[in-house]
Amino acid sequence: IRPETRCVMLLGANPQAAAPQLWNGIRALQKLGLKLIVVDPRGTDPALEAALWLQPRPGTDAALLLGMINTIISEGLHDKDFVDRWCYGFEKLVERVGDYPPQRVAGITGVPVEKIKEAARMYATNKPGLIFHVNGWEEQANATQALHSRYILPAITGNIDIPGSDALL
């Protein structure tokens, strides 16, 4: 995490317990206006201290992120210049996420429609943003699909390789 970061989304991660240095950085930046989104069914301390806490049913993370992608695209919150320059297959993505409107995603995940939209807006409009997940998240049955969605979010919002965002290593 860097001082430039304006939004952090934790996907099934509890840095307070597993990465205290990261958690301390998040807490310090929250005092300066950083928005924290926590996606975790459990009421961890980070979840309770987040600007927005989403509690999806276990195993529905991919659907949740597809609903966020749908919202970002349908509301025109994606970074059009970044997408045009660096993203291949955006038209196919638009078609695919059409199957995941927030209303349908709410039924799949148990997360209310307004929270899905709020998370999408918060992540897309508070740049640079950073998404943090850990290995446990990668052990779910649909991990490949969830990871695709996780990495699409920074791609369509231009949150890649700018200070305070996701880094390409």
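Let's start with Met122, which lies in helix α8. Helices here are DSSP runs of H or I with at least four residues, strands are E runs of at least two, and both are numbered from the N terminus. This is a predicted model, where local features need pLDDT of at least 70, side-chain atom pairs count only at pLDDT 80 or more, and totals for chains, interfaces and linings use all residues. Residues are numbered from 1 along each chain as its sequence is written, and side-chain values use heavy atoms, with hydrogens and water left out.

Is Met122 buried or exposed? Met122 is buried, at a relative accessible area of 10%. Buried means under 20% relative accessible area, exposed over 50%, partly exposed in between, with a 1.4 Å probe and protein chains only. Which residues does Met122 touch, leaving aside neighbours within four places in sequence? They are Cys7, Lys35, Ile37, Ala51 and Leu52. Contact means heavy atoms within 4.5 Å.

Stay with α8, residues 113-125. Its axis and that of α7, residues 102-109, come within 8 Å and cross at roughly 115°. Axes are lines fitted to C-alpha atoms, for helices over the stretch in contact, and angles run from 0 to 180 degrees between N-to-C directions. So α7 and α8 are roughly perpendicular to each other. The cut-offs: under 35 degrees is roughly parallel, over 145 roughly antiparallel, 65 to 115 roughly perpendicular, and the rest oblique. From α7, the contact uses Pro102, Gln103, Val105, Ala106 and Thr109; from α8, Val113, Ile116 and Lys117. By class, that contact has five nonpolar, two polar and one charged residues. Nonpolar covers Ala, Val, Leu, Ile, Met, Phe, Trp, Tyr, Cys and Pro; charged covers Asp, Glu, Lys and Arg; the others, Gly among them, are polar.

Next, α6, residues 90-97. Its buried residues are Phe90, Leu93 and Val97. Down the axis of α6 they fall within an arc of 50°, so they line one face of the helix. The arc is that of the directions from the helix axis to the C-beta atoms. These buried residues pack against α4 (61-74), α5 (80-86) and α9 (143-157). The face turned away carries the exposed Glu91, Lys92 and Glu95.

Last, the backbone. Most residues other than glycine have a negative phi, and most peptide bonds are trans. The bond from Lys127 to Pro128 is cis, with omega near 0°. Pro128 sits in the loop between α8 and β4 (129-133). Asp161, in the segment after α9, is not a glycine, yet has a positive phi of about 60°.
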